[in-house]
Amino acid sequence: MMKKLLLVSAGLAALGAAPASAQTVTYNLNAQVETVCGVYGDSGSSVDIDFGALAATPESAEVEAKGGKATYRCNAVNGFTRTIASKNSGYLTLDGAATKDDTRRIAFNYTHDGKGGLAVKTQQLSAPVVSTFKGTTDFLNGQTGDVKFSASGVQRSNGSPAVFAGKYQDVVTITVTAN
């Protein structure tokens, strides 16, 4: 009986010393990074451009106005689309009202320089200029280009103005949308 008791005690001791089945803990880590795409002007989100008094400037002369720097930043993997548009199709119009009457509008040009495909050659914004950019580290860090506008004077060779007197306006918008 003693032998049986020793064997049973030894068996129970062996069972107590055997490792229990392994237990694990799993940590599932997650984070979210929102898409941030935009264009940022060095003078703010709204920049006033003033060509001055064009009535005293000959039609053959161009007046240039700097729009400052525009910096593009985007963290979208698929990049972004940029749209540059003029409310009045590339014209400063009398009181900003849409018109096709050449005595109530003054054509202007837009230029944008910069690396990474940002450059837009000098042109009238008669239609929106749409460009697509890939998601790159360049745009994570920000790419910058200068924006410029130019308009011709309105004084004819005989000294009379080519347009009616008043305030001529347009709004040019650069929109950046994540792809």
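**Close-up views of a predicted model**

View 1. Valine 25 lies in the loop that runs between helix H1 (2-17) and strand E1 (37-41), where helices (H or I, at least four residues) and strands (E, at least two) are DSSP runs numbered from the N terminus. The model is a predicted one, in which local features need pLDDT of at least 70 and side-chain atom pairs count only at pLDDT 80 or more, while totals for chains, interfaces and linings use all residues. Residues are numbered from 1 along each chain as its sequence is written, and side-chain values use heavy atoms, with hydrogens and water left out. With a relative accessible area of 61%, valine 25 is exposed (over 50%, whereas buried means under 20% and partly exposed lies in between, with a 1.4 Å probe and protein chains only). Together with Tyr27 and Leu29, Val25 forms a nonpolar patch on the surface with about 440 Å² of accessible area (Shrake-Rupley method, 1.4 Å probe, only the protein chains shown counting as cover for residues). Such a patch is made of residues with over 30% relative accessible area and no salt bridge, nonpolar side chains (Val, Leu, Ile, Met, Phe, Trp, Tyr) being joined within 5 Å and like charges within 9 Å.

**View 2. Strand E3 and its two antiparallel partners.** Because five of its seven residues are buried, strand E3 (residues 80-86) is largely enclosed by the rest of the structure. E3 pairs in the antiparallel sense with strand E7 (residues 129-133) over five bridges, pairing requiring that DSSP finds at least two bridges between the strands. In this pairing, threonine 83 stands opposite valine 130 of E7. With strand E10 (residues 172-178), E3 forms an antiparallel pairing over seven bridges, and threonine 177 in E10 is the bridge partner of threonine 81.

View 3. Lysine 69 and aspartate 146 meet through their side chains in a salt bridge (2.8 Å, N to O), the term denoting a side-chain nitrogen of Lys or Arg within 4 Å of a carboxyl oxygen of Asp or Glu. This pair links distant parts of the chain, with lysine 69 in strand E2 (residues 62-74) and aspartate 146 in strand E8 (residues 143-152), 77 residues apart. Lysine 69 is partly exposed at 38% relative accessibility, as is aspartate 146 at 25%.

View 4. Aspartate 101 forms a salt bridge with arginine 104, their closest N and O atoms lying 3.5 Å apart. The side chains of aspartate 102 and arginine 105 also meet in a salt bridge (2.8 Å, N to O); here aspartate 102 is exposed at 51% relative accessible area, whereas arginine 105 is buried at 17%.
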